[in-house]
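Dear colleague,

Here is the structure you will be working with.

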Amino acid sequence: RDPSIKVISVLLEGAKNGERFASALDLARSNGKQVVILKVGQSEYGIRAAQSHTGSLAGHARVNSAVYRQFGAIEVRDVDELVSVTRLAVLGVNAKTDGIAIFTMSGGAAALAADVAGVHGVALATLAPETVTELRDSLPAFAAVENPVDVTAEALSKPALLHRSLDAVAADPRVGLVLVPIPADYGVVTETLANAIIDVGQASRKPVVPVWMSRFQGAGYVALETSGFAPFPSLTKALTAIAKCLRAAPGATPSGVPRSTGEPGTELSASITASCSVAVLSEVESKRLLREAGISIPQGVLARTRNEAVAAAEQLGYPVAMKISSAQIPHKTEVNGVRLGIAS
């Protein structure tokens with residue numbers, strides 16, 4: 001409920017009360033807070049580790065992911081992504097953000113960035129005619145003034161021109177974010193570009209996001225880092241994070257899911273409870289639910305004694321399969337609880 005909080009970044013091992021956790025996600029969404037979640041337990045190894053560490057119920061990864069989507073939370077895969085997505089979310093990058101513009105000094109970096117954007121489903125903005133005209137009038141004739149914008153290395157020797165060009169792209173009404181790939185560290189030249197990013201980024205209401213594609217981190221990198229423009233280390237990492245933010249709509253209410261109006265856990269709709277409660281059912285109960293949902297499943301009979309088992313097998317017709325049925329044994333094969341091809 002804190003009005004100074006824009007984003008809630010979560011490293012989650014497990015939720016002992018799924019209903020309360022879902023209600024907290026709902027409360028965050030109701031207050032316009034973007035939640036970013038790194039969930040430990042995306043694999044069987046992680047689930048076991050989380051349970052042994054905290055005793056928390058890690059849950060099934062796909063179920064967890066579905067709950068996050070339902071409440072507009074962004075799920076990430078590692079700590080780097082948790083930090084980078086959180087940073088972009090704080091800058092206001094979400095589903096309402098307009099298309100992105102790519103601004104660089106390298107034709108190769110421009111083509112690569114556009115390609116990676118396409119792979120991740122990130123739309124490039126069509127620059128407004130007045131922006132294209134300004135760039136064409138200012139930049140060398142061989143510069144690319146459509147999106148991606150390649151100002152060429154020549155512009156880097158003219159700081160005022162570089163600043164003006166970047167500012168024009170950031171001010172374009174059709175642009176919601178400017179991505180600036182920097183393919184290598186060129187010393188003073190790259191430092192000039194970094195300073196333009198800092199100046200325009202601090203003055204603009206739109207995010208200007210640098211990507212430092214070199215392992216050498218010179219003065220330009222240090223300037224960006226210390227000014228709060230922590231560069232992404234690769235185009236893939238940058239566009240993965242941007243794509244996740246662009247799909248997020250903080251404050252939106254999923255269809256058919258009412259908002260929570262009280263403290264977490266005090267008011268939760270039946271639809272939320274159904275999607276978030278975690279229970280292990282026996283095979284018989286699971287199949288009953290599937291059958292009620294209209295899904296075809298093999299015939300089966302629950303037998304509690306030897307005589308019931310014989311009668312069920314004769315009713316079904318040999319050969320049959322025999323399995324342990326217990327909610328406490330979800331993985332029957334691990335306890336040799338399955339026999340196939342029983343013919344008599």
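Predicted model: local features only at pLDDT ≥ 70, side-chain atom pairs only at ≥ 80, totals over all residues.

A search of the whole structure gives nine salt bridges.

Lysine 332 and glutamate 283 form one of them, with 3.0 Å between the closest N and O atoms. The lysine sits in the loop between strand 8 (320-323) and strand 9 (338-342), the glutamate in helix 13 (residues 283-292), so this pair ties together parts that are 49 residues apart in sequence. Lysine 332 counts as buried, at 16% relative accessibility.

Helix 13 also holds arginine 288 and glutamate 285, three residues apart and thus separated by about one helical turn. Their salt bridge has its closest N and O atoms 2.8 Å apart. Arginine 288 is partly exposed at 32% relative accessible area, and glutamate 285 is partly exposed at 33%. Elsewhere, shared partners join Glu283, Lys287, Lys323 and Lys332 into one network of salt bridges.

Lysine 158 pairs with glutamate 154 at 4.0 Å, N to O. Here lysine 158 is partly exposed, at 41%, and glutamate 154 is partly exposed as well, at 37%.

The arginine without a salt bridge is arginine 87, in helix 4 (residues 79-90). Arginine 87 is buried, and the nearest side chain of opposite charge, glutamate 225, is 8.5 Å away. A polar atom of the arginine 87 side chain does lie 3.5 Å from the backbone oxygen of glycine 228. Leaving aside residues up to four places away in sequence, arginine 87 touches Gly228, Phe229, Ala230 and Phe232.

Regards

Terms used. Residues numbered from 1 in each chain as written. Heavy atoms only, no water. Helix = DSSP H or I, 4+ residues; strand = E, 2+ residues; numbered from the N terminus. Buried < 20%, exposed > 50% of the residue type's maximum accessible area, 1.4 Å probe, protein only. Lys, Arg positive; Asp, Glu negative; His and termini not counted. Polar contact = N/O pair within 3.5 Å; in protein donor to acceptor, adjacent residues only side chain to side chain. Contact = heavy atoms within 4.5 Å.
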